Amino acid sequence: MARAGLGHNGTMTQRAFLSVDSSLTGRRWIGPTIEAERLAEAMAQITKLSLALCATLVARGVTPAEVPSFLAPQLRDLLPDPLRLADMSKAAARFLHALISHQRIAIFADYDVDGGTSAALLITWLRAMGAKATLYIPDRIDEGYGPNVPAMAELGAAHDLIVCVDCGTLSHDPIAAAGCDVIVLDHHLGGDTLPPAYAVVNPNRQDEPGDLGHLCAASVVFLMLVEANRQLRSQAITGPDLMSMLDLVALATVADVAPLIGVNRALVRQGLKVMARRERIGLRTLADIARMDQAPTPYALGFLLGPRINAGGRIGQADLGARLLSTDDPHEAAALAERLDLLNTERRDIEARVREAALEQAASRGLDGPLVWAAGEGWHPGVVGIVAARLKEATHRPAVVIGLDGDEGKGSARSISGVDLGAAIHRLAAEGWLIKGGGHKMAAGLTVARDKLDEAMARLSDLLARQGAGEGGKADLQIDSLLTPSAASHGFIEQIESAGPFGASAPAPRFAFADMAVTARRIGESHLRLTFGDGPKLEAIAFGAFDTPLGAALSEGGHRRFHLAGRLEMNTWGGRSKPQLRLEDAAVL
């Protein structure tokens with residue numbers, strides 16, 4: 001267990017949990033503090049809940065009085081008034097005017113999951129009101145991110161209203177070129193001035209207080225539709241059922257790695273229930289192709305559905321995902337889902353090649369600075385964001401990966417907790433080091449001139465260093481509690497999941513199992529299947545184990561014993577479910 005001790009400078013330091021100062025992956029294990037343990041024990045006495053569940057709640061800052069509302073969050077209590085956001089009333093009113101006046105509406109959306117779900121929300125709502133809209137999603141390679149002048153001018157010539165979703169906050173010239181009213185529904189960091197749009201609804205505008213800055217674009221669109229329905233009710237008109245559309249909001253929130261706190265947690269929790277009803281034909285078809293044979297979870301949204309929906313925007317036709325999410329035609333849904341699944345397989349192959357080259361280049365440059373980055377000739381723009389995320393995970397540092405083509409490079413960046421990457425990229429663009437760039441705290445995109453690449457990355461490294469990036473080594477592994485294999489029952493996992501959903505800024509509790517005998521076998525090229533325990537056994541899966549020291553050490557363990565750490569889940573296969581540990585780390589005794 002972990003307890004405080006006196007450090008060399010006389011300050012109190014926390015000893016490693018189970019005395020693991022350096023695990024097989026090089027991390028120090030850190031357990032709950034004495035104070036956290038005391039609070040969990042007190043909560044367990046008051047609420048009569050399990051100690052492990054109480055430890056999870058304490059780690060999230062929940063007090064005993066807040067436990068009932070936290071375990072059963074009500075969207076009606078947490079959903080903010082849409083009018084808290086600037087321009088919301090006029091945006092909804094203009095949108096309704098276009099509907100009622102039978103004006104021509106175009107939707108300009110980003111090519112990722114957040115953009116696709118945002119577009120699908122509007123299309124679904126309009127269809128329920130007997131209206132249609134033109135969908136336009138730019139090609140990632142030919143047009144890049146966000147509105148561009150030619151596309152907006154063409155759309156504006158043929159439409160009365162353009163709604164930009166998940167983009168547009170920094171698109172001054174393209175919006176000016178539209179020649180018609182433009183509404184922006186976005187969440188990316190805003191600049192000092194707003195574009196000449198009719199309305200810009202964005203919780204991350206410079207003049208917003210920022211308390212809703214964690215919303216993804218689909219949530220902003222959802223709030224606009226809430227306000228639209230409210231304005232319809234004032235005219236004695238009933239708007240479409242918005243609760244049935246929360247599956248799209250949940251998918252966007254998880255796929256865009258928005259923090260699962262506050263209203264986001266409630267939106268995802270309710271959206272998962274809606275998705276479990278399998279009423280949206282596009283999602284149902286895609287889930288079947290992805291072989292989802294259990295109720296949807298944040299993991300399924302983030303790693304099974306999200307990547308497939310993204311695949312069209314990454315390496316295929318940009319609008320495939322939005323079309324799948326909004327279609328009501330089963331034949332179209334089947335064709336689109338199959339196409340996206342094939343594109344996702346192709347995307348994985350491209351990603352693997354770029355990832356290997358990027359890791360090698362970044363390592364040669366050094367992995368101990370405030371920023372890790374790599375740039376390569378012809379690296380596909382559709383995978384650089386994923387590879388940046390892999391670099392970030394491997395080094396615990398902000399990462400940038402850029403594909404070079406001609407005189408320019410287009411790249412994506414991913415950040416770590418506590419480092420506002422979007423603000424740094426925005427400043428870099430304002431200082432002239434980038435052709436363009438923008439994003440939010442955890443992710444950003446950029447375009448840079450080839451001859452400014454090295455200097456731009458040096459400047460970015462400096463900006464990130466001022467925020468504390470690169471000060472630490474590999475992140476400590478936080479352990480929530482010690483457990484035995486026999487305690488990891490179906491009922492126990494259900495209790496823990498009542499504190500969910502888990503995801504960004506709300507990780508699932510991580511449990512340690514001490515002094516375990518392990519039997520392991522390799523699965524495929526890089527995965528490992530384990531069974532451990534001296535009495536009752538518990539199964540575990542370690543994905544990508546052979547890409548780390550875990551694979552060799554555990555598979556060749558012999559008579560050695562290990563401390564194991566990971567997150568519990570239910571593994572469903574062939575209609576049967578049983579507890580399983582998703583192994584993240586191990587230490588040799």
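User: How many residues has helix α16, and what makes its reach close to the expected one?

Analyst: This is a predicted model, in which local features need pLDDT of at least 70, side-chain atom pairs count only at pLDDT 80 or more, and totals for chains, interfaces and linings use all residues. Residues are numbered from 1 along each chain as its sequence is written, and side-chain values use heavy atoms, with hydrogens and water left out. Helix α16 (residues 384–395) has 12 residues and reaches 16 Å from its first C-alpha to its last, close to the 16 Å expected at 1.5 Å a residue. The expected span is 1.5 Å times one less than the number of residues.

User: Why is α13 called roughly perpendicular to α15?

Analyst: The axes of α13 (residues 298–315) and α15 (residues 330–365) cross at roughly 70° and come within 8 Å. Roughly perpendicular covers 65 to 115 degrees, so α13 is roughly perpendicular to α15. The contact (heavy atoms within 4.5 Å) involves, among others, P307 and I309 of α13 and L340 and L343 of α15.

User: Which residues of α16 are called buried?

Analyst: Buried means under 20% relative accessible area. The buried residues of α16 are V384, G385, I386, V387, A388, A389, L391 and T395. They pack against α13, α15, β9 (372–377), β10 (399–405) and β11 (408–414).

User: Why do β5 and β8 stand at the edges of the sheet?

Analyst: The open sheet of five strands has the order β5-β4-β6-β7-β8, with parallel pairing. Strands pair if DSSP finds at least two bridges between them. β5 (134–136) and β8 (199–201) each have a single partner strand, so one side of each lacks a neighbour in the sheet.

How values were computed. Axes are lines fitted to C-alpha atoms, for helices over the stretch in contact, and angles run from 0 to 180 degrees between N-to-C directions. Helices (H or I, at least four residues) and strands (E, at least two) are DSSP runs, numbered from the N terminus. Angles under 35 degrees count as roughly parallel, over 145 as roughly antiparallel, 65 to 115 as roughly perpendicular and the rest as oblique. Buried means under 20% relative accessible area, exposed over 50%, partly exposed in between (1.4 Å probe, protein chains only).
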